Structure formats: structure tokens, C-alpha cells
Amino acid sequence: LWKKFAVKEFSEKSDFERDFVHHIETTLARSMYNCDDLAAYQAASNTVRDKLIVEWNETQQFQTLKDPKRIYYLSLEFLMGRAMDNAMLNAGVKDLVKDSLSELGFNLEDILEQEPDAALGNGGLGRLAACFLDSLSTGKYPSWGYGLRYQYGIFAQRIIDGYQVETPDYWLTFSNPWEIPRHEIQIPVDFYGFVEEEFNPQTNETKKIWKGGERVIAVAYDFPIPGYSTKNVNNLRLWSAKPTTEFDFSKFNSGDYQNSVRLQQRAESITAVLYPNDNFDQGKELRLKQQYFWVAASLHDIVRRFKKTKRPWSEFPLQVAIQLNDTHPTLAIVELQRIFIDLEGFSWDDAWEIVVKTFGYTNHTVMQEALEKWPIPLFERLLPRHLEIIYTINFFFLQQVEKKFQSTYSQKELENLLSSVSVIEEYYPKQVRMANLAIIGSHRVNGVAELHSELIKTTIFKDFVKVYGDKKFTNVTNGVTPRRWLREANPELAELIASKLGGYEYLLNLNLLKNLENYLDDKDFKHKWDIVKLNNKFRLTKLIKKLTGIEINPTEYLFDIQVKRIHEYKRQQLNIFGVIHRYLWIKSLSPKERKSLVQPKVYVFGGKSAPGYYMAKLIIKLINAVGELVNNDADAEGYLKCIFVPDYNVSKAQIIIPASDISEHISTAGTEASGTSNMKFVLNGGLIIGTVDGANVEITREIGEDNIFLFGNLAENVEDIRHAHRYAPHLELPESLKQVFEAIESGKFGEGDEYKPLLDSVRYHKDYYLVSDDFDSYLQAQELIDEAYKDRDDWIQKSIISVANMGFFSSDRCIEEYAEMIWDVEPLERD
Ligand code: 26Q
């Protein structure tokens with residue numbers, strides 16, 4: 001009987017309009033007579049969501065029936081951005097929705113602006129996870145994302161007097177149509193407590209039982225993840241913490257009602273807020289609590305799903321692949337081992353074999369300050385049983401290492417090796433090294449770009465290569481989804497490309513872009529290519545006007561853009577020193593000279609600093625101070641603008657990236673693991689100024705070295721240069737940089753003293769990031785850019801050739817490589 005009433009998805013305008021009005025009048029309890037853009041967004045998104053849910057349900061039922069091997073992607077960050085445009089494009093209904101809304105008197109673009117970003121991530125690592133979900137669904141891989149449903153995403157950034165001010169990002173003010181609360185899925189998670197030993201006289205064995213001291217409930221919220229041009233809709237499950245309804249009667253009876261309520265309130269704090277540090281480990285107890293809460297709930301869910309199939313445990317790694325997005329979920333390794341030995345009664349060895357086959361670990365950094373370590377005393381209090389298991393894992397591992405090397409290594413060499421690979425750092429306080437644990441507990445460890453994957457093998461993890469050989473270590477170069485980062489962000493370019501390639505098939509097979517090289521002599525095509533870029537610059541200047549009040553006529557300027565988290569290693573300071581140098585040069589010229597010599601340029605900066613990162617905040621202040629001076633100086637008018645776009649996020653990136661002529665990816669060589677915005681910029685027809693770092697290396701290989709502006713010292717020389725700095729009393733700066741420092745200290749940008757720490761870090765504190773060493777090389781590269789931009793026809797040629805060769809950087813390719821080399825999974829086509 002019920003099949004007669006099955007929900008009907010909209011497929012025509014009249015269906016959409018009917019559902020839209022239905023949502024206005026029932027879901028929102030409003031009337032079409034007073035329906036603003038926000039209400040229209042809510043009704044429209046609910047209508048699109050309904051369609052998505054139907055397919056999501058069918059996909060999940062189908063996967064349950066077929067029971068294929070599934071991929072579980074564990075990430076503490078999913079930087080999703082907005083969902084609506086993506087959902088419509090993927091389902092192929094954007095035009096229909098646009099026309100329907102227009103008939104109802106609404107403008108789609110305005111309505112899309114109503115959606116808040118889902119900003120549950122910091123930067124590259126979180127956005128990578130989001131691109132992966134898109135590619136997993138598009139590639140029809142049975143897969144789940146697991147993360148936390150933070151009530152506050154990454155803070156919103158405001159700029160006040162040039163300084164960054166953080167304000168909370170409460171993104172759930174209005175009900176969120178893109179999530180489905182699963183109040184029936186409640187998983188208890190324990191913390192603290194103690195370990196008991198139970199003796200079993202029958203088997204003569206003692207068993208360890210963890211008696212937790214504090215219980216929190218994990219509630220599931222499901223986010224449907226559509227794929228492009230497929231009915232396959234996967235699931236992102238985010239956990240939210242809530243108190244148990246159980247009550248601590250001892251406290252209650254002793255009359256301590258206030259305290260027992262406080263304990264319950266504590267529960268919710270676990271998923272209250274995303275830690276806003278990017279590439280930096282602060283070692284806070286609440287962060288470790290977040291990690292265990294998330295890992296325990298996710299594993300419980302995964303194991304429960306496996307148990308329902310009634311398969312023997314030996315098949316677990318044939319059915320389950322778990323990928324660890326950095327070391328943040330490393331506790332999953334320990335938790336699965338605990339489930340197997342404490343709860344399911346496996347032997348240690350049987351359990352461990354399954355565990356190692358199940359996990360893969362992705363490393364995203366070689367920088368020491370980002371490597372996670374947890375003090376033993378804290379760990380022992382919070383997770384006493386897990387610490388015991390870690391000790392045992394470490395014991396067996398070190399034993400194996402000792403056995404392997406005792407005949408060939410001296411005592412001293414052996415000791416050094418053991419202390420370097422040990423999970424425990426024997427220092428004060430002793431600490432658990434999460435990366436070591438992740439390597440030991442996984443069957444594959446991968447870096448995120450070729451250079452980075454080589455670096456981890458030769459630097460931070462070199463001793464593990466001695467132990468395991470290098471087969472365990474692989475590379476999977478990052479990628480980005482062309483659906484969001486080309487079609488959604490740059491519809492005009494996407495359409496122009498489609499007009500030459502015979503439709504949008506290239507969004508599913510990005511290598512097809514190669515065929516654009518057939519049009520390098522097509523004048524009309526090249527002209528259109530140029531116009532698209534100009535239109536995108538107009539779109540950006542409108543945004544800049546709205547956010548800063550500054551007006552720019554884009555026709556005159558080359559757009560030079562650096563948007564990413566603010567970090568010393570990413571070297572926004574090098575960029576802004578370069579801007580100052582250019583300003584001083586312009587000031588030194590006569591009006592006539594300016595006209596003939598200066599290529600007009602807009603420098604656009606954007607990005608957030610971690611709230612406690614003093615140096616990064618100072619860099620933001622300097623950028624804004626330079627803008628203040630330069631943008632109001634009549635001598636520079638028409639030649640130089642310097643803009644800081646506040647609150648850089650995914651939806652702003654979608655406007656900013658398509659507008660660039662040049663983007664800056666100028667990290668100290670060897671520090672940026674991959675970078676992914678470099679890929680997005682080139683895919684949108686921008687060229688790069690960059691160091692030989694991260695994925696810049698492979699981008700150069702693919703597009704050709706004539707089409708990229710590389711500069712600076714190479715990674716292989718960085719250590720030697722640092723060594724030399726360390727023994728220099730103070731550094732001899734290049735003349736160019738001296739001038740810049742003098743200008744800053746003279747008070748041109750406000751109080752000259754204010755920037756002293758920034759200048760001193762170069763002059764007196766050993767210039768760890770090699771700003772002085774790379775400065776002149778950077779300026780030369782900028783000169784080459786000015787020169788190259790004059791030949792506009794050749795510039796467009798470079799741009800087209802670059803886009804034509806970016807196929808490799810699709811996250812679809814990347815996911816295929818993971819599937820084959822790490823997960824051993826196949827796509828599952830719904831019939
Ligand atoms: C660790 C401990 C405690 C609190 C926070 C953290 C933490 C949080 C975020 C550590 C690192 C991150 C983020 C790292 C990150 O975004 N890495 C970037 O990953 C990208 C995707 O692979 C690369 O392209 C970038 O090069 C890399 O910097």
C-alpha cells in the first residue's frame with residue numbers, strides 16, 4: 001500500500017513551485033505575501049534537499065543490500081562551504097530552480113547568498129576532506145565521512161583599525177536543511193575512570209576492564225553528499241555531544257545538585273567549537289577529549305554496521321578501510337584494538353593484524369610544531385586503558401625493531417633508533433607521539449605531494465623507513481573538485497570550455513581539458529577567454545567595494561592574489577615587503593616615468609590568523625597599514641592598490657580565485673606539504689608566482705616551466721642556509737630589503753616600532769623562513785611577470801595551456817589512487 005504514497009521528487013518547474021510554496025506555508029509557517037530572501041532560501045533549500053534525501057535513502061538501502069567494502073574518512077575538519085548551489089548543479093536542476101524562482105519573483109543569486117558557509121575547518125586539510133567527499137560520491141565509492149558537528153565553526157574575522165578581531169561563527173541560527181538529526185542514534189562515550197582486572201579461573205587469564213568515570217552521549221547528524229551526474233548520495237556523519245539522562249545519585253543525595261548539573265553541561269562543551277589552529281599543536285585537554293569522543297562514536301558505528309552482516313571477523317579489513325586525515329584520529333587505532341581484545345575477546349596478535357590492515361594514515365606536514373604529542377599524565381587520567389594498550393603496542397614494536405637490528409647495529413646506534421621510533425618520547429614530561437603511533441598502526445602512510453612524500457621519508461620519518469623499508473610509504477598528490485572550483489566558482493569559463501569541448505563531460509574526466517590546446521590559434525576563443533577573466537575581476541571588485549568601500553576599476557590592473565591562512569612559513573610578509581618595495585619605486589619616479597614603466601597592479605590578500613599567533617596578526621596589521629597609505633596616495637593612484645579582504649572563507653574563495661592573473665604560493669621551500677589553492681588558481685586561468693615547494697613542483701611539470709614564475713632557494717639547501725644563519729651574529733640584508741625596513745621603521749605605516757618583532761625575526765632572529773635569502777629572487781620574478789603581462793596575447797596563451805594541462809589535479813584522480821593503492825575498493829553502481 002505505502003508504495004502508492006512514495007515521495008515524488010520534483011522534476012518540472014510546476015513541481016518545484018508547488019513544493020516551494022508548501023514549504024513556505026507549512027515548514028516555515030509563513031505566507032507568500034511576506035516572503036523575504038531568507039524565507040525563500042529556506043523554502044528553496046528544503047525543496048532541493050527533499051530531492052536529495054530520496055536518492056540518499058535509496059543509495060544507503062542499496063549499499064546495505066550489496067554490502068560492499070566501504071571507505072571511512074575520519075577528519076576533524078570538513079570545510080564544506082555552501083551546499084545549495086552544489087546540490088543543484090550535481091542534480092542537474094539549477095536552471096529549472098532558477099527559472100521557477102524567477103517566476104515566483106525571486107533572484108536565485110540573491111537567494112544563494114543567504115546560506116551561511118559550513119566552515120567546520122581551518123584551511124587546506126579541511127577543504128581537502130570536502131573535495132574528497134565530492135569525488136567519492138561522484139566516483140560512486142561506498143563511503144562515509146565521520147567528523148564533529150561543531151556549534152561554532154572557524155571564527156569570523158573582522159578587521160578593526162587594521163587588526164584582526166575574532167567573532168564567533170554560530171552557523172546554526174536558522175534550522176539547517178542540509179542536516180538530518182538522528183536522535184535515535186545515541187552512542188555512549190566514556191572518559192576518565194580506572195582499569196580493573198578480572199580473573200577468569202576457567203581460562204586462568206586476567207582480563208582488563210575499563211570503568212569510565214564520566215559519560216557523554218554522541219548523537220548523529222547526517223549530511224547527504226551528492227555526486228555530480230549520478231544518483232549516488234553518500235553520507236557525512238557528524239557527532240554532537242549531549243549529556244546522559246542518567247544521574248549521579250551520590251552527588252544528588254549529598255545535596256550537590258548544582259555540581260551534578262554542571263557535569264551535564266560539561267558534556268555539550270565537547271562539540272562546542274572548532275580549534276582555530278592551523279598547522280600548530282596546542283595540546284589542550286578538551287582537544288584530546290574531542291578526538292576520543294569522535295573516534296569512539298565513529299568506531300562503534302563502523303563495528304556495529306559490520307556486525308550486522310554476520311561476517312566472520314577475519315573479513316573486517318576486506319569490508320572496512322579507515323583513512324586517518326592526519327594524526328587527529330590516531331586514537332581510532334587504539335580504540336579498535338581495545339574493542340577487539342577487551343570487548344570481543346580476541347588474542348592480541350589476531351586483533352593487531354586486523355587493525356593494521358584496516359588503517360591508512362595521511363601526513364600533511366613536516367613542521368615540528370604541528371606534530372601532535374600528548375603528555376602522559378593527561379593521557380593517563382583521561383584514557384587509562386588506552387594508555388596501557390599504547391604501551392603494549394609500543395613494547396611489541398620496539399621488540400621487533402630490536403630483533404631486526406641487534407646483530408648489525410652497535411648498542412649506541414640501536415638505542416638511538418629505538419628512542420627515535422618509540423611511541424613514547426622519554427622527556428619531561430613524557431609524551432605520546434601520535435605520528436609514530438599512526439605509522440605503526442597503519443598499513444600505508446602517504447604524503448600529499450611528491451616532494452612532501454620524499455621529504456617525510458628522508459627527514460621526520462626516516463628511521464621508520466629503516467624499520468619497514470619504503471613500501472609502506474607512498475605518495476598521493478592532492479587534488480581539487482572541478483565541480484565546485486571550476487563550474488560553480490567560474491560558470492563563464494566553464495561554459496566557454498564546454499562550448500569547445502562539446503559539453504560538460506570534462507567535469508568528470510578532467511584530462512579532456514587537454515583538447516583546449518587545439519584552440520590556441522583561435523582568435524575569437526582567446527578573446528572570449530580574456531573577457532571572462534575581466535568579468536571575474538569585475539565580480540571581485542564588487543565584493544571588495546562591498547567589504548571595504550574601496551573602488552577599483554579592474555580594466556587597468558593586473559590582479560595579484562595571495563589568499564590562505566596567515567602563517568610565517570607561507571610568507572605573506574615576503575609579499576607585503578615586496579609591495580612596499582614597489583611603492584617606494586613608484587614614488588621615486590616622475591609621473592611620466594610611471595606611465596611608461598609601471599604595470600598597474602592590485603595586490604589582494606586574505607586569510608585568518610590563529611587567535612594566539614602574534615606574528616601572523618602583526619603581518620595582517622602591516623598589510624592593512626600599507627593599504628591605508630598606498631590606496632590614498634595620489635602618486636600611486638592608477639598604479640598600485642593593496643587590499644585585505646576580511647573573513648576569507650570558501651564562498652569568498654569562489655569569487656576571488658577566478659579573478660586572478662597571478663597568485664602567490666611562496667612558502668619557504670620544504671614547508672608547504674602540497675597546497676591546493678595553487679591548483680584552483682591555475683584551473684581558473686591564473687598563473688603562479690611560487691617557490692619550488694609542495695605541488696608547485698608537479699604543477700610545473702604538467703603545465704611547463706614557461707608558464708610559471710618560480711624563484712627562491714630549493715628545499716635541499718634550506719637546512720644549510722639556516723645553519724649559516726645560526727652562526728651569523730646578525731644577517732647582512734640585501735639592499736632592497738634594507739630600504740623596505742627603513743621605510744617601515746620611519747613610521748610610514750603608523751608607529752614604526754610596532755613592526756619591530758617582524759623585522760627582528762629576519763634581522764636578529766636567524767630568519768628561519770629565509771625571507772632575506774629569497775627577497776631579490778622574488779623581486780626578479782615579479783619583474784618577469786610585469787614584462788610577460790605586456791604581451792597580452794602570449795599571456796592568454798600561457799593561461800590556456802596551463803588550464804589544458806591541469807587534468808591531473810582533479811580530486812577524482814586522487815581518490816582513484818587512494819582506492820587502488822591504499823583502500824582496495826571498487827565503485828558500486830546503483831541499478
Ligand atoms: C593539531 C593539534 C591540535 C590542534 C590543531 C591541530 C591541527 C589543526 C589543523 C594541525 C594541523 C591542521 C591543518 C593542517 C593543514 O591544513 N595542512 C595542509 O594540508 C593541505 C592538504 O593536504 C596541504 O595542501 C597543505 O600544504 C597543508 O599545510
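1. **Ground rules.** Residues are numbered from 1 along each chain as its sequence is written. Because the model is predicted, local features need pLDDT of at least 70 and side-chain atom pairs count only at pLDDT 80 or more, while totals for chains, interfaces and linings use all residues.

2. **Confidence.** The mean pLDDT (the predictor's confidence in each residue, from 0 to 100) of the chain is 97, and 99% of its residues reach 70 or more. For the complex, the predictor gives an ipTM of 0.99 and a pTM of 0.98.

3. Helices (H or I, at least four residues) and strands (E, at least two) are DSSP runs, numbered from the N terminus.

4. **The sheet.** Look for an open sheet of six strands, ordered S21-S20-S19-S22-S23-S24 with parallel pairing; two strands pair if DSSP finds at least two bridges between them. Strand S21 (640–645) and strand S24 (709–711) stand at the edges with a single partner strand each, so one side of each has no neighbour in the sheet.

5. **One pair up close.** Strand S19 (residues 558–563) and strand S22 (residues 662–665) pair in the parallel sense over two bridges. The bridge partner of Asp 560 in S22 is Ile 662.
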